Amino acid sequence: MSSEIPSKKHPATTLALFCKVVDNYGDIGICWRFAKQLEQEHGIQVTLWVDDLRSFQRICPEVAIDLDRQKIANVTVQHWRDQDGVFVADEISDIVIEFFACDIPPAYIAAMAECNPRPVWLNLEGLTAEEWVEGCHILPSPHPRLPLTKYFFFPGFTNKTGGLLLESNLEQQRQEFQSDQTGMAAFLGQFGVTESEMSSLKVSLFCYPQAPVSALLNTWQQSDVAMTCLVPDGVAADAIAAFIGQEPKAGASSTRGALTVRVLPFIPQADYDKLLWACDLNFVRGEDSFVRAQWAGKPFIWHIYPQDENLHHVKLKAFLQRYVGTAAEAGAETNAETTAKSLIEFFLAWNGAAKTENSHLPANSWENLWPRFQADMPKIAEISNHWRQQLLENGDLSTNLLRLAKAIQQAAV
């Protein structure tokens with residue numbers, strides 16, 4: 001028996017989740033949430049294979065970057081160093097998931113084919129609002145040589161997809177946190193947020209380096225209301241350094257005009273949820289923080305992961321089409337079209353996509369875009385809350401995935 005994963009001794013279902021970190025924190029962020037929920041809510045014995053422990057450590061400080069295998073929150077974390085290794089059938093999990101089409105070790109796949117019964121093999125795909133995923137969700141893909149079939153599982157925004165990651169107690173935690181003003185002030189206070197800043201318009205900022213942060217900060221300085229921007233250490237480093245006039249390390253801050261910028265330490269996932277709940281507007285990126293912002297029910301701006309030939313703009317517009325379609329249902333009344341317009345223009349400009357639209361505003365006219373968006377934020381908040389309610393009706397991804405795995409197992413008997 002190899003020493004790379006433990007033998008299958010536990011009577012509960014076992015699951016191996018393979019994750020290659022591409023988007024710094026998004027990939028491992030999703031997989032870590034997923035792994036914890038599977039263990040805590042469904043009693044699954046999870047082994048999380050991950051190739052980048054340093055990125056993992058940023059969102060989970062308990063991770064030791066020098067260990068090949070460790071146990072965190074009852075999840076076995078295996079450092080995935082390479083594609084080598086020798087495996088036998090007894091070591092293979094009942095469910096094997098490759099996240100976002102990563103290639104798992106060939107020897108592991110070969111051992112999967114020797115199992116009886118064979119494991120459920122799933123490719124957990126990336127999140128997109130494009131319509132084609134509804135036709136591809138749970139499609140089978142037979143292996144060209146081995147007696148194995150892989151199934152595609154797509155997260156998504158409709159009941160024809162796998163839904164989104166959502167812990168069973170998240171809604172209750174959010175409501176309790178947001179109803180406790182003293183607790184919320186104490187939470188932000190640990191990052192230096194003052195009593196007067198608590199009453200300001202609070203913004204969390206998480207984005208990729210391409211975001212036009214400097215231009216937006218310049219606009220916020222001229223705001224007619226006090227603003228506080230909370231940004232994690234290492235995010236938009238050049239723009240933040242230019243604003244605060246020093247190295248943007250955790251704890252650094254500066255005020256110019258109406259705007260105060262505070263640099264936060266990179267915080268664990270549970271605290272990041274609280275940050276989203278405590279702010280009035282959240283700038284998020286990639287997939288993990290994007291999903292968490294939607295569960296927060298606050299206005300948010302998404303910075304989508306850039307792709308060659310601007311393919312990400314297609315995904316961005318597909319999401320916007322679904323998202324702003326909730327405006328009328330959310331009670332935006334006669335202002336629905338205006339609200340949708342300001343929201344869409346801001347999203348597109350933030351992602352460098354406005355130049356491809358027939359917009360009368362240039363992409364960098366933040367002095368025009370921001371006041372319009374700010375004025376519409378109460379209506380956008382209504383849209384966000386209505387959107388969250390719609391997403392809740394689709395069920396959570398973990399439960400939906402395990403339901404599929406059970407159906408595949410039963411069909412194989």
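Predicted model: local features only at pLDDT ≥ 70, side-chain atom pairs only at ≥ 80, totals over all residues.

Student: Why is Lys150 called buried?

Tutor: The relative accessibility of Lys150 is 17%, and buried means under 20%, so Lys150 falls within that class. The residue sits in strand E8, which covers residues 149–153.

Student: What makes the pairing of the Lys150 side chain with the side chain of Glu98 a polar contact?

Tutor: The two side chains are 2.7 Å apart at that contact, and the cut-off for such a pair of N or O atoms is 3.5 Å, so the pair qualifies as a polar contact. Glu98 also belongs to the residues in contact with Lys150 once neighbours within four places in sequence are left aside, a list that includes Trp121, Leu139 and Pro140 as well.

Student: What makes the phi of Ala101 worth a remark?

Tutor: Ala101 has a positive phi of about 60° although it is not a glycine. Most residues other than glycine have a negative phi. Asn74, in the loop between strands E3 (69–72) and E4 (75–79), also has a positive phi, of about 70°.

Student: Which kind of peptide bond joins Asn116 and Pro117, cis or trans?

Tutor: The bond is cis, with omega of about 5°, and Pro117 is placed in the loop between helix H3 (106–113) and strand E6 (120–124).

Notes. Residues numbered from 1 in each chain as written. Heavy atoms only, no water. Helix = DSSP H or I, 4+ residues; strand = E, 2+ residues; numbered from the N terminus. Buried < 20%, exposed > 50% of the residue type's maximum accessible area, 1.4 Å probe, protein only. Polar contact = N/O pair within 3.5 Å; in protein donor to acceptor, adjacent residues only side chain to side chain. Contact = heavy atoms within 4.5 Å.
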